[in-house]
Amino acid sequence: QHITRAMQIVSAVKLRRVQALIDAVTPYAQKLEELLSGVIRVGQHPLLQERKMERVRYVVMAVDHGLTGGYSTNLAEWVAHVLKQEEHPYDLWVLGQKGVDLLEVRGALPDRVYEDMGEDIDWLKVCQLAQCLRDAFLSGEVDAVYALYMHHVNTMVHSPTLRRLLPAEIPQESTEYGQTIFEPSPAEVFNSLLPRYIDVLLYTVLLNAKCSEHAARMVAMRQATDNADEMIEALTLSLNRARQSGITAEISEIVGGANALAEEVDR
């Protein structure tokens with residue numbers, strides 16, 4: 001019980017830290033998307049190109065460690081269901097060894113595994129992964145890249161989410177930055193910021209997945225702590241009953257012996 005309570009506290013601290021990161025990066029991501037959507041008409045970046053689907057890449061945001069209740073199992077079952085419905089050839093990248101084990105059991109064999117993203121989701125590693133995905137898309141190795149992860153809704157609810165990373169999906173807003181001065185030009189600013197937008201999008205996806213993981217582990221450890229408390233209570237009650245039975249037996253033996261001794265004296 002002490003161990004599970006300590007793990008619950010650690011997970012709660014990590015959850016708050018990741019939530020703080022999400023709160024910090026969300027306004028930046030929203031403003032970046034707003035800026036790109038305002039000038040998307042002048043952008044013709046290859047990362048926006050819709051192509052005929054011949055090969056798809058799925059990137060699964062799994063976990064490296066267990067003790068998350070049914071979180072990893074639910075994710076693996078959902079990913080396996082999505083892959084079974086895929087009609088095009090695909091390759092599978094998995095972030096987290098625990099996800100690899102569960103997916104292999106379900107017949108989904110990863111083509112590449114990442115195990116070094118870290119607990120805090122290192123920004124430089126995210127950029128390196130995003131660069132690998134962009135290079136694969138630009139070279140024609142894949143025609144679309146999708147992220148599969150558990151979106152953090154609240155502590156108890158994690159929604160399975162399929163999000164397209166490439167080609168980039170940017171809503172085209174009706175409002176334009178007509179009064180804004182872009183240097184050297186709106187098109188060059190757009191083409192320069194679009195890769196950064198992919199980095200930020202992947203970063204927010206990973207943060208959401210990590211947030212869901214910590215929340216699931218915190219809930220699982222809280223349930224384990226409650227179960228341990230119930231077990232301690234039941235065992236204490238059993239111990240008290242056994243001790244009471246022993247004391248009663250001893251008293252009965254003493255009384256019986258005293259009565260037998262009294263009968264001998266009377267005789």
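## Exposure and a surface patch

A residue is called buried when its relative accessible area is under 20%, exposed when that area is over 50%, and partly exposed in between, judged with a 1.4 Å probe and with protein chains only. Val153 has a relative accessible area of 47%, so Val153 counts as partly exposed. The model described here is a predicted one, in which local features need pLDDT of at least 70 and side-chain atom pairs count only at pLDDT 80 or more, while totals for chains, interfaces and linings use all residues. Residues are numbered from 1 along each chain as its sequence is written, and side-chain values use heavy atoms, with hydrogens and water left out.

Val153 lies in the loop that runs between β4 (144-152) and β5 (158-166), where helices (H or I, at least four residues) and strands (E, at least two) are DSSP runs numbered from the N terminus. Together with Met156 and Val157, Val153 forms a nonpolar patch on the surface, and the accessible area of these residues together is about 270 Å². Such areas come from the Shrake-Rupley method with a 1.4 Å probe, and for residues only the protein chains shown count as cover. Patches are made of residues with over 30% relative accessible area and no salt bridge, like charges being joined within 9 Å and nonpolar side chains (Val, Leu, Ile, Met, Phe, Trp, Tyr) within 5 Å.

## Salt bridges

The structure holds 11 salt bridges, a salt bridge being a side-chain nitrogen of Lys or Arg within 4 Å of a carboxyl oxygen of Asp or Glu. In one of them Arg57 pairs with Asp91, and the closest N and O atoms are 3.0 Å apart. This pair links distant parts of the chain, with Arg57 in strand β1 and Asp91 in strand β2 (residues 90-95), 34 residues apart. Both Arg57 and Asp91 are buried, and for Arg57 the reason is a relative accessibility of 2%.

Arg57 also forms a salt bridge with Glu141, in which the closest N and O atoms are 2.8 Å apart. Here too distant parts of the chain are linked, since Glu141 sits in the loop between α4 and β4, 84 residues from Arg57 in strand β1. Glu141 is partly exposed because its relative accessible area is 44%. A further salt bridge brings together the side chains of Glu169 and Arg164 (3.7 Å, N to O); Glu169 is partly exposed, with a relative accessible area of 44%, whereas Arg164 is buried, with a relative accessible area of 13%. Elsewhere, salt bridges that share partners join Arg55, Arg57, Asp91 and Glu141 into one network.

## Pockets and a cavity

On a 1 Å grid over the protein atoms alone, a cavity is a set of points where a 1.4 Å probe fits but cannot get out, and a pocket is an open set with protein on both sides within 12 Å along at least five of seven lines, while lining residues have an atom within 4 Å of a point. Grid points are joined across faces, edges and corners, and a volume is the space filled by probe spheres set on the points. The largest pocket has a volume of about 240 Å³, and among the 14 residues that line this pocket, Ala29, Gln30, Arg163, Leu201 and Thr204 lie nearest its centre. Helix α5 gives the most to this lining, with 6 residues. The lining has 7 nonpolar, 5 polar and 2 charged residues, where Ala, Val, Leu, Ile, Met, Phe, Trp, Tyr, Cys and Pro count as nonpolar, Asp, Glu, Lys and Arg as charged, and the others, Gly among them, as polar.

The second largest pocket holds about 180 Å³ of space, and its lining divides into 6 nonpolar, 7 polar and no charged residues. A search of the whole structure also finds 2 cavities of 30 Å³ or more. The second largest cavity holds about 50 Å³ of space, and α3 (97-105) gives the most to its lining, with 4 residues.

## Backbone details

Leu166 and Pro167 are joined by a cis peptide bond, with omega of about -10°, and Pro167 lies in the loop between β5 and α5. Leu67, in the loop between β1 (56-61) and α2, has a phi near 60°, which is a positive value in a residue other than glycine.
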